[in-house]
Amino acid sequence: MVSPVHIVSIGLITAFLLGLGKKSQQSILVLVLLIATAAMTMISGSWLIGIMTGSVQPTDVFTAGFKPPFAINLRMTMDEAVLTTMVNLFGFLTVIYLFDVLKNAGKHLLSIIVVFLIGLNVIVMTRDLFNLFVFLEITSIATAGLMIMIQDSKSISAGFKFLIASSVISGILLIGIIFAYSYIGNLNIDFMSNLSLIKGGSVAVFLVLSAIILESKQFPANGWALDMYESAHPAIGSALSAVSAPAVLFVIYKLMPIVPESWHSLIGLFGLITFTFSNFLATRQGNIRRMLGYSSIAQGGLMLTVVSMSTFFGNSFWFIILGFLLTNFFAKAGLFWLNGMVNSDDQNKWGVLRKRPVLFFLFGAFVVAIAGLPPFPTFFAKWEMIMQLANGNGWGWIVLILLGSIFEISFLFKWFGRVFHAEEEKINDIRTPWFKQVPVLLFGAALLATSYYFVEYLNFDVLFVMLPLLIVTVFFAIDFLPAFVKNLLLIASLTIYGYLIYPEIDGNVMQLVFMGVFLVGGILTLIPGFTQKGTRAGFYPFAAMTIFGLIMLVNPADNLTFFMGWEQMALGSYILILRGKKAERPAQQYMLFSAGGAYLMLAAFGLLLHFAGDTFFGHLNGMLPGGGVVFVLFALAFMLKAAAIGLHIWLPGAYSEAEDDATPLVSGVLINSGVLGLFWIATAFGPQQLFGYDIYQIMGWVGAITAIGGNMLAIYEEDMKRLIAYSSVGAMGYIIFALSMNSKLGLLIALYYMVLHFIYKTMLFMSAAGVIYRTKTRNMYEMGGLIKSMPWSFIVVLIGIITLAGMPPLAGFAGKWMFYNAVVMKGWYLQGTMVFFSGIVAFLYLYKLIASVFLGQLKDNHRKLKEAPFVYLLPQFIFVIAIMVLSVFPQVLLEPLATIIPDRIPGEALHWDGKLAMTSFGYWNAFSVMSVVIVMFAVIFGWLVYHSRKAQKVKQFNIVFAAERPFRPETTHVSYNMFAGYKKALGWLMTPLATRFWTGVSDWSMAIADKMRSWYTGNGQTYAMHLLLYAFVLYLLISGGKIL
Amino acid sequence: MYKNMFIIVLLAGLGILLGSFLLTHHANKALPELPAYYADKTASEVGAANVVTAVIVTYRGFDTLGEVTILFVAASLIAMFLKTSKAPKDRHPRPSSVILSTAQKLLFPLIVLFGVYVFTNGHLTPGGGFQGGAVIATGFLLLLMANPQAEFKHGLLNFIESISGTSYVIIGILGAILGLGFLDNRFMSLGELGTLFSAGAIPVIYSLIGLKVGAELSNILHHLNEVQNEA
Amino acid sequence: MSIDWIKLLFTLLGLFIVLNYGLLQYGMIRRITARIGKRIGMPVYQPYIDLIKNYSMRSQITHGVMFYLGPVFRLAGGVGIFMFMPLIYGSYYWSNYSFSGDVILIMYFMFFGMLGMALGASEGGHPYSFIGISRGLSQFTTVEVPFTLAVIAVAVQHHSFSLTEIVAGQQGGIMHWNIMTNPFAGIAAMLAFLGMMMASPFNVVQAPQEIPIGPPTEYHGTYLGLLQTNRAILYVSESILMVNLFFGGATNWIELIVKSFLVFFWPVFVGLVFPRFRIDQSIPWFLKLPLILGIIGIFMV
Amino acid sequence: MEYLTLQNIGLVTGFLLILIGLYGALTQKNILRIIVAFTIFDAGLNLVIVALSYIKGRVAPIIDQTTGITNLSEKFVDPVPQALVLTSIVIGVGVTGVMLTFALRMFKTRQSLDINDFKETKW
Amino acid sequence: MEDKKIFTDPDLTKRTVIGPNGEDITVDPIQDYFCDALPKKHEPKRAKIFESFFNWARAESIWVLGFGTGCGSIELYPLLTPRFDAYRFGVQMRPTPRQANLMIISGYLSVKTLKRAIRSYEQMQNPKFVMALGSCTINGGMYFDSYNTINRLDKYMPVDVYVAGCMPRPEAILAGFEALKKRIKAGKAEGANLYAENFETYKKNQKKIIRDWNMPDYNW
């Protein structure tokens, strides 16, 4: 095994020898550099592998042959091996990446690069404080040299700011070191453990520590770093982010043993503040590199927290820090490199990336990885971190982390969405020579591999987690196939999967029901996809991800699996929504709200761990004393997904702007995940109180208001899909209300309605998709009279709306009937009446939906329309059959559903007497109602047909028109603003309070971020002052105002 | 104005922070273990009369390598930074006075010689590679002041710099291979304390450092001068 | 499933009675209206003649399948309400098919006809149909709210949604009627009943002078005949519903007819006195006094 | 008077130089002056380092005839800070050189040496 | 008449619109918007007794289309007042021609109004009746040589009853109703069938006078 010191010697020899090179030999020099970095990588890599496999023991290298503390020693253990390998590998790939730049840059740059790497290596390995200082300085000067790789005025002035900052920092560090020496008598970290105990020694420790913390670019004393990120060449930015920052953080890790225990949490807090606020400020960044800079700094802050709290995290420390470290390393480097390829800081210009599908995929993977979504390591690391913090009652910390995470998601996905939708610019053609692609590809692969190891390490259930993940991966791999093949494959795999898991969940009706909804829904909603031509790249992997994410929710082994499924589903559906033509903003909203919900849930899991230990929340079986907060957090999270009023504003946009045939999946199927969660907490937690209020009571009101609000908003929609989407809000309000009644009947209603809503909403959305597929418009007032050309779709919509409206004899009535009984039993008359009112309001939009589209005047450009394709109709009619069966025999569904509800839920259950459903209040016989109606209907219809058999069939303008005739179909079709009178009367109810609120939140936070951002004045002097101020404030906080 | 007041307050705070050292610091009565070890064992272990030199070149040799690297990287940076434009030189400075040019011709070899003396005797007397190198560079500075348009042989300076740097590292490696560790000076004979050829590789190393530093500093000066010429 | 043929016969007989009664009632009301206007008015049997004439029209036109189905839905809705309503308290045969469901079924069955009618009329493609329907549905949303509150109040009071049991609970004299025991709910329901009957001041739906006659603008001949048949049955059925809910039901046909006539007379009376509300006036109106009364009614229980 | 030792005078002077240097670096607008301020700062640092090595009544750690070769640890001042200060000085030289170079280039881009003129990257 | 410009209604000329898939769709409004079937003659019921019964019902339930032309329409409103109270005779007003049986042409008809009258008449269902008031509908009356009123109504639609006068008093109109009732009961009021049988003649007459004929031949 080659001594690690030769990393340095090889590098230095190379650096010195490069000075001999001549201009004409530049290619050779680059090759030499490449070989040198490769050699450095090999040395550190061999140590890494050796230590991992156990064939080599960790070692100390004594320079000059003296034992420490008499001489400087370098250490090589697992930690150092990992970091030096990262540094050197990164250096190697950077040389490859910068091949074209280096070929024209002159020998000095090559030297600087290699010295930069050496500096980082030694910073990682050395155990001597002063040596650390020297190599930090080397790195600083080398960094300044790298900064001016592009010699424009921006990078030069940023470099100068950096020099000022690093001078101040090194000054502080040096004072600290020299006094540390003066107090303890040596310079070796390993011999300093008593330093902070000596009077005055702790000040020295503080100075050293604060200098390193400042070096790690903590908010808000990091303006210089941001300016560097913004102005440096992307490759250098990536170096700063991917290797410099981890190296400095490692120094902090090394220093931690000499830092007094009592400071750890404060440093951690400062790191967390950096995380939160950097992400917050990044939300206002338009410049990509600066944004990435903010993000890097934020990640650094988070890692600082973990590092400084390493003793607190105990066994989980390595898991957490590796999760953050590796993800940040691979992903951030990859993003910066991509930036170099796109060669623009303008988000709009990044659209060119779409011309390179593989790179674009990796771009997405990097973004997702940084955002902390599964299956990337950050996700697991964040989970573990929160759980540990919750164990230690660190609630404020959790809040900061979650806040920061949501800001992070906000700007990352804003960026991603922009790139997804930016116009492809013809001028700005992307140049991707192989040497630029190779590093990105490698890091992308490495990121995926790391994720694989993390997932593997966590030992998930094979059937319910690993297999789905595998299938999703396969769909990523076969994305080049034609759409119909993939569609077929996905349907087949879902079917087979269903067949496989059926024996596993057989007997658990609840899982059966939800699994059925998710699987059958997934399959049926995929069927219309057969009309798609081409490859439909990027749809199927995410469709699979969404559906399998949902499936993971059904039978989770633990909270993590549930949460993972939840996030996976959110991510998949986000992409599905984003694929819509105008979906950029709605998708962004969707992502933000999903993330908000997910983080609430994460906090809830943390609290749950604190209250109830490591049990799956669905298996709590009853009371959780004092769990009101947990309950509320869960409820909020699930109600976000179920779009309760106030939290609903993402829904209409997201559902309507998604691709037409993907909408049924993301709406009809996906929304039930919220119901699943709510049902679970409702059954698992039991009644809970918050500040003395019964939460169910509040939820009931929320549900009622949601029901009215959703339906009211639906009335005024002119957009077909938005209308149905708002109707989903209404239906969810209904379900939330039913759930919060917390009675047997209430839960039964919720479940029944969940299934029913799934059926009719999917049906309606599919039908709408069929109509939109033919008419190419979503505005209902642009349609009309389509019953002639699309009779089958009309029938589906008719049945759908009769069901939705809850009219007998169709299945919807069962829900209404039970609802009344439950309301009266519960005694929630007012809320019940509100919900009832919402049910009638539903008539208005239902009428609008069916009449505007299918009835009335046929428009000229729809004269030659055909019926929707068969593949659209097929699933719809399967649903129609289901509704019909349920209408006649509701007990087929209701009886099994009733078995799901645990016995401890209070209230009276539904009794069955043959076909007669009974409660103590009322009764209802679906079969007999149906028979009566059918007979009656048939008789009257026969009578009419007999009488009117010779009626003259007339055309659309053959109407009485006050002795005139209509002029155009458009002027005759009353559809636009159909309920103007209603608006005049009750329009005030629709004041968009929620939208205003959230817009206000967003505007205010943007304004605050803008204000805060101006802290970074761009003046190097001010930055220097920030550094001193930061150190001073940190000192005051640590010392408590006294001299240490 | 307020900003300055604020800065004064801030610095006052930092002053208090630093002042805490004054309050807590007690003048050493005796050397702590580490310097005591150096003082006592240098002669026998390293063989250098100048304990500071022994610390610099051997005990903390790795630091010194870093120092050299810093100068190197700074010189590289300056060279990279200042060499980019190839504007024609159209600066016509006033010719230097007779006294200066004559003195320069007289002094330049002496200064270089003195520099060489300083670094070769670094292990015996106060001084060493850096100091010697700096002295040599002053010679070059004098040269430049006397004749601002003087042309250096870049190639030669670079060559000296590279070779001396490389040799330094190689000696370090030799220390690792032949001696006990990287930069160990003891793979060469320690010789007799206080003579020129003593203290193992220290004189060699210091000479190399001296050459390197001299070349680097001269290079820096030259580059700065060239930029002036560009103007 | 055995079918009780005798019960079916009784039901059909009941339907026949109600149809005739409805037609006569309509004629009677028209005549009373005329008298109030100092006219003599049409003969009491005029609705019969109109009906026969409409069924005897020789030519007809159709706008499509849904145009056919509209009146069918409408009449089925009306007949359905009748079918699911117990007529005479204590009589097995006159309880129709009320074993299929309770008052909730009846309430929701009202929508059946409305929706069908709305769709059928829309199929005609006439703009006035759309306007009329949008007005009708809009008004209906708020009409139903106080009515529902009243129904819930009654159901809570009698601990049952079953009309039969509600009627049973009101037996024993006028002081046991729900209108007396829970006057607020009763009044709320009666106010809502005005809107359900779509009489003036809540007849902006058909508003003959403004949007000819709203939804049925295009209907004629047999279609119109069906609609007229429905009107006869539906109005009586709804009156009977009110009778059952608030006026103690009926133990024989005479009582039933008298009570339902009186109930039906209430909207007629109001309609003759008050002018028409605009749609944006009528909607909030139902959300004011009737709603408050309904809420009080519920909390009275 | 107990505090008025040579060492403390050195330390205090060093600290004052540090603070003066920082004050200059934070308040001067001219880049060259800032650089000069940093050299003052460096000088202060170095002075502090050297002052710390001082022990009253001892000699420089160089073995010669006057010191002999025994009991050196009782005769010498602390050699380590002296070694460190050398490094520190060299580093200071390097950094100053680099900063001067930057200043040169900055002057070229803007024809100005006012630090306020170099704020194109901010927020 | 050779230089008569052929009137073309821009709303009824063929036009091309672009369909949702970008295809061209040619719309011929007359063809596409209007039913082009011709009216058929509807034979009375074979069984005399039914026909008589129905005719009785038709006679006793006369629904009048609220369509006022000329100066006579002002005379219609008193019919509904307590003084005359036409309801007594089963006469009711309907706002839509679909439901009306009787059309009252209440005075002179300008050519412009004639077009509307024809349209409304054709939109009424068989059996339908026409009552014409005043001399203007018989021979043009005081407008006999006007350039824009018609002289004889029954050239354009079959009239069942003429009520003379200028204008006829409500009493006369009531008498006209009685006359119409008798005619219906006698089975003679077959104006709709007459119109269908002589459709071409009527159309010829109508088109001769209505120059801007911008509607299908028969308005269903």
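In chain E, five strands line up as an open sheet in the order β4-β3-β5-β6-β7, with parallel pairing. Strands here are DSSP E runs of at least two residues, helices are H or I runs of at least four, and both are numbered from the N terminus; two strands pair if DSSP finds at least two bridges between them. The edges belong to β4 (91-94) and β7 (161-163) of chain E, each with a single partner strand, so one side of each has no neighbour in the sheet. From one strand to the next, the twist averages 30°.

This is a predicted model, in which local features need pLDDT of at least 70 and side-chain atom pairs count only at pLDDT 80 or more, while totals for chains, interfaces and linings use all residues. Residues are numbered from 1 along each chain as its sequence is written, and chains are lettered from A and ligands numbered from 1 in the order in which they are written.

Back to the sheet: β3 (residues 62-65) of chain E runs parallel to β4(E), joined by four bridges. E:Trp63 has E:Gln92 as its bridge partner in β4(E). Helix α5 of chain E packs on this sheet, and its direction makes about 165° with that of β7(E). Such angles run from 0 to 180 degrees between N-to-C directions, with axes fitted to C-alpha atoms, for helices over the stretch in contact.

| Element of chain E | Residues |
|---|---|
| β3 | residues 62-65 |
| β4 | residues 91-94 |
| β6 | residues 129-133 |
| β7 | residues 161-163 |
| α5 | residues 170-185 |

Over in chain A, A:Ala371 sits in helix α15 (residues 357-371).

How values were computed:
Two residues are in contact if their C-beta atoms, placed from the backbone, lie within 7 Å.
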